[in-house]
Number of protein chains: 2
Amino acid sequence: MMMLGTSFVGFSRGAHVGPYSSAINPTSQEILDPPYASPSAEEVESAVQLAAKAFPVYRNLPAATRAGFLRAIASEIEMVADDIAARGCAETGLPEARLRGETGRTLGQLRLFATMLDEGTWIDARIEHAQPDRTPLPKVDLRSMLRPIGPVVVFCASNFPLAYSVAGGDSASALAVGCPVIVKAHSSHPGTSEIVAQAVIKAAQLCGMPEGVFSMLYGSGVTVGSSLVRHPLIKAVGFTGSHKGGRALMDLAAARPEPIPVYAEMSSINPVIMMPDVLAQKAASLADGYFQSLTLGVGQFCTNPGLLLLPKGSESEFVATLKEKISSAASATMLNAGICQAYQESTAATAAHPGVTTIRSNQCAAPGQAAPVVFLCEAETFLSSSALSDEMFGPASLIVTGSTEQLLAIAEAVEGQLTASIFGTEADFASAGVMLEILERKAGRLIFNGFPTGVEVCHSMVHGGPYPATSDGRSTSVGTMAASRFTRPVAWQNTPDAFLPDELKESNPLGIPRLIDGKLH
Amino acid sequence: MMMLGTSFVGFSRGAHVGPYSSAINPTSQEILDPPYASPSAEEVESAVQLAAKAFPVYRNLPAATRAGFLRAIASEIEMVADDIAARGCAETGLPEARLRGETGRTLGQLRLFATMLDEGTWIDARIEHAQPDRTPLPKVDLRSMLRPIGPVVVFCASNFPLAYSVAGGDSASALAVGCPVIVKAHSSHPGTSEIVAQAVIKAAQLCGMPEGVFSMLYGSGVTVGSSLVRHPLIKAVGFTGSHKGGRALMDLAAARPEPIPVYAEMSSINPVIMMPDVLAQKAASLADGYFQSLTLGVGQFCTNPGLLLLPKGSESEFVATLKEKISSAASATMLNAGICQAYQESTAATAAHPGVTTIRSNQCAAPGQAAPVVFLCEAETFLSSSALSDEMFGPASLIVTGSTEQLLAIAEAVEGQLTASIFGTEADFASAGVMLEILERKAGRLIFNGFPTGVEVCHSMVHGGPYPATSDGRSTSVGTMAASRFTRPVAWQNTPDAFLPDELKESNPLGIPRLIDGKLH
């Protein structure tokens, strides 16, 4: 596959003007070709102008046409899955099976959004018929549905080079609902991004999409990213990354003359709580499951379990088993040097925290690697230090033991989370009403007898949660509910049938579910 | 009815500590008793703490119980409709019929939200069953629905003392979905607000609601309002008022350690476009309709038509008729002295603008009154001055004439709007594709052959629009779609049936529509 190292500005490629940056193989530290050129200010402007020009055309294509485009993107990506796997492994240090699995998930996401377009519930079509004879005032005919808001900027994630990147969830949901997308590529995996962007452009051309429906820009977040977020023609932002980066984008968007929504997924320690009865019954197998979840993908998941609450006195077998598992765990390569350094620093800070014991940590076998580590402290220690709530991105976890009251206080004290998990028997749950109530207020997804890693892409997934897990807990970045991110409702009043969108025409030509005069049909 | 002049802090009344402010009858300039005391910082804190304490209880009440509470509020307000009409007229200068009509609308809103709770579609219940045998990975059982986000602050509007105030749309939608409400009363109609708040509290007590489900605070927006918006336990804000006030709240909320959503409805000039064919057929009746819409409620509606676009050469009969109507129009009392002064200033600025002709303006018969006024200019003038797009809140309108291309340029140049209206015959509409496309991108509601005033409270109403019409065009402040304002989705994974909310239990005990495995049932 031909790799050019330049941005995608509509259907054209950018110039080789620089500055340049290159991907680095985190396993071998080798610098990977080609170097990637930062786009010029004119190229950034051109990508935005093309997106704005594409919007009135793209938004008015039939839903079925957009569904066909999503499916074409999936097919084109599928055809280059080998290239993606090879380049992706080199750029991220992730194993090939993970790259192939994530490619499959990305295809699945695109196709699920296409299915959603076919089915039609998502558009929230509502019709209320006129009542010309109503007193004291006649009632007008009023119909509403969701419409796209405009060009969207999507920032790629370092830890999901496919599923949260170029053609990942945010791009799929924006394209599905009718918004052009400008992707800001991540510097950790520019080559993987180039391969996927080529597939998207090929699909756009095959399907006759307007130029500008998709562009992808390289360059830094501070210059290229900021100028995109500040641009008056950009109407929303999707981001997956650090709290610091996400908050900077939120602040930038809120300070615009016209503020725009930012959907940032930022940080989460995903508390897990195990109840006494279940611990008495199967502490060893719970420890094994916890270890698997903690170390999956070298802990580089937003749903990695970073905080475990155990009832004081019930923890010994669990902790002993987990210690044994960690003792024999190998270190593994992290996504990039920056993430690895942050992991070493955050775990060192926790290890040095007064009152915290390191259960077990191994040496790393090579530079750029992380070894799993688990810490232990008492509830008093945790509750008296906000630093212990900070995310340690990687295979690290803190176990806190305490009384029932203390664990409730901890659950109440933690900030917004993507997930909260509770393990228990029916008897445990029956006594956990207050804990369940607190957890549901804190998280986007409440998991019973399961670990937080593993996010199903489906209609009922909520991968979001109160701040600072995300910028906006009213939304999700996984699953079809994400369609609401890049839309706003529009109402048509007293509109002749010929001038209504198909979704709202009286004869329901698309055969979609609609709320008619207050009842679903 | 007993009027105390103090805030409602849960089920208690605030102390008489001051500072005080009094309502002024805008017709007679009489100062109305009682003086209203600003709450102390402790009272503000107490209202917030009570709301936060009520939240875990209130959110978990069955939807039917919350529906009963909404209906009880409506009944209690209905019982004091005479008091509301008397005090409301004195405080706002609005005629009694308007006060009674707006009371009826407020009751209707509360009852519509109760109906919405009974029907259940709004909660967006989704179920996906487990597939334990799925390869390569088993699928978990996942269920989701909307849940309330927490205590909400609602700022009352000056121009709707009932429908957008104490028990108005935002309060009704927040209470419906399970959020406690703290109302910040408007200084223009404190007595009307006290009567309504008494009714709400009486309903809360009759229905056994937790204390703190509703509070109402007097005092200034700058001190009391800001401290509420900054409070960490407040999770969302509803506001109807000026652009300046709304933007200040947006900025305050965005700068919090935990940013929260602000739903501010701010300003709109509601462009109306009339096409050549329809103007040739019935210019006089269109002018009559425009005059009625312009002067309704002394023009003090967010949907007042402030900008009229006419094809150059087709305007003469329309303008002549409108001039005649205005010549014989009486002036009328505005809501308060501040609004009246702003109206005089903004219309004087337009009158003095180079290139703008005043078609007709009358003298005001008394202080505090406004007379309708209509201005005329050419497209070039309008396009070269952003000041002419500023809202003149009151019965004032600017007519702009131009070529088809110029009117398209104007439509593209205007900012986000609550509404856009187009008048035409079928032949007109058939040639208006580009105009319709632009208008739909600019507004929340697109009206055919109708004026923007008159907002139906129903399921398909969109009373929102792109910034600066509102802070957040993804929402509406009228109709049941507003239920999404104060909610976020939550997913339950692998949850035993007994611990699921009724809405998600396998047997569907509430009989609500649900999206099950991708299909509506």
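Tutor: Before we start, the domain bounds come from an automatic or database domain assignment. Also keep in mind that this is a predicted model.

Student: Fine. What are the domains of chain A, and how many Å separate their centres?

Tutor: Chain A is split into domain 1 (8-266 + 473-484) and domain 2 (272-448). Taken over C-alpha atoms, the centres of these two domains of chain A are 33 Å apart. The contact uses eleven residues of domain 1 of chain A and 13 residues of domain 2 of chain A.

Student: Why is the relation between the chains called a two-fold axis?

Tutor: Chain B superposes on chain A by a rotation of 180° with 0.0 Å of shift along the axis, and the RMSD is 0.0 Å. That is the relation of a two-fold axis, hence the name. In chain B, Ala254(B) has the C-alpha nearest the axis, 3.2 Å from it. Both copies use the same surface: 100% of the contact residues of chain B recur in chain A.

Student: How do you know that S20 of chain A and S21(B) pair?

Tutor: Pairing takes at least two bridges found by DSSP. Strand S20 (residues 443-448) of chain A and S21(B) have three bridges, in the parallel sense, and therefore they pair. One spot to look at is Ile447(A), which stands opposite Gln493(B) in S21(B).

Student: And what makes S23 of chain A and S15 of chain B edge strands?

Tutor: Look at the open sheet of twelve strands with mixed pairing, whose order runs from S23(A) to S15(B) and includes S21(A)-S20(B). Strand S23 (519-520) of chain A and strand S15 (357-361) of chain B each have a single partner strand, so one side of each has no neighbour in the sheet.

Student: How many bridges join S17 and S18 of chain B?

Tutor: Six bridges join them, and these strands run parallel. Leu376(B) stands opposite Ile399(B) in S18(B). Helix H11 (residues 337-351) of chain B lies across S15, S17 and S18 of chain B, at about 30° to S17(B).

Technical notes:
Residues numbered from 1 in each chain as written. Chains lettered and ligands numbered in written order. Predicted model: local features only at pLDDT ≥ 70, side-chain atom pairs only at ≥ 80, totals over all residues. Helix = DSSP H or I, 4+ residues; strand = E, 2+ residues; numbered from the N terminus. Least-squares fit on C-alpha atoms with pLDDT ≥ 70 in both. Contact = placed C-beta atoms within 7 Å. Axes fitted to C-alpha atoms, helices over the stretch in contact; angles between N-to-C directions.
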